[in-house]
Amino acid sequence: MTVAALWIILGLIVIVAIGFIVSYNRFVSQRQLIKDAWANIDTELRRRYDLIPNLVETVKGYASHEREVFEEVARTRSMAAGATGTPAAQAAAEGPFMAALGKLFAVAEAYPDLKANQNFLALQTELSNTEDRLQTARRFYNANVREFNTRVGQFPSSVIAGMFHFEPAEFFEIPDAIREAGPPQVDFSTPAGGTVVPPAPAAPEVSETPPAPPAPPAG
């Protein structure tokens, strides 16, 4: 074997080694980026969980009889806040919680006087902003997961993924019904002039049977 051939073989080995190192380092960077993206989602989820108790207490002041709704919100919030683990497990816990939160806002819609409660309006605005940030963080996370998983399955990067146990990451997918409904919204629209018009009183019930004639006087 000539010296030139040895240099060629050595050059190929160096190129393969460099490609190997670059691909491995990219996997490490992508995995860390996914962790950071998930941390952003977790931050927004915790912020939303922290807003709910104050929101519930505010609604209670107007609808204290809706005990079942309040208990369901508290129970599902506790389950969602305690769902530590995989993104799939967190998403599964988010479904019941968001459904309960929707019921809470449905209750709130029945009480227009809440419009005058500045605390409720501030909480509702902050919750809506949190939902927007959460959806942005979710899209960013899923985009990074998609790119990472594509490399895990493609050759030749799949070889390195197999050698160093880079497993596909999980997407964070909100249940379809929850995602299509969007973040909870409350409509506090009032008639022109900003005055809430009370419902008209019900008309008195009129009997279709004519009254009986008076009895003739005795004697």
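## Aromatic pairs and a charge over a ring

In this predicted model, the charged end of R151 sits over the ring of F27, 4.1 Å from its centre. The term requires CZ of Arg or NZ of Lys within 6 Å of the ring centre and within 35 degrees of the ring normal. Local features need pLDDT of at least 70, side-chain atom pairs count only at pLDDT 80 or more, and totals for chains, interfaces and linings use all residues. Residues are numbered from 1 along each chain as its sequence is written, and side-chain values use heavy atoms, without hydrogens and water.

Rings of Phe, Tyr and Trp (its six-membered ring) pair if their centres lie within 6.5 Å. Planes under 30 degrees apart count as stacked, over 60 as edge-to-face and the rest as tilted. The count by this rule is nine aromatic pairs. Two of them are tabulated here.

| Pair | Type | Centre to centre | Angle between planes |
|---|---|---|---|
| F27 and F166 | stacked | 4.8 Å | 15° |
| W38 and F172 | edge-to-face | 5.2 Å | 80° |

F27 lies in helix α1 (residues 3-60). Its partner F166 lies in the loop between α5 (157-163) and α6 (176-181), 139 residues apart from F27. Helices are DSSP runs (H or I, at least four residues), numbered from the N terminus. W38 is also in helix α1, and F172 is in the loop between α5 and α6. These two are 134 residues apart.

Buried means under 20% relative accessible area (1.4 Å probe, protein chains only). F27 and F166 are both buried. W38 counts as buried because its relative accessibility is 18%. F172 counts as buried at 1%.

F27 and F166 also belong to one aromatic cluster, with F20, Y24, F148 and F164.

Conventions:
Buried means under 20% relative accessible area, exposed over 50%, partly exposed in between (1.4 Å probe, protein chains only).
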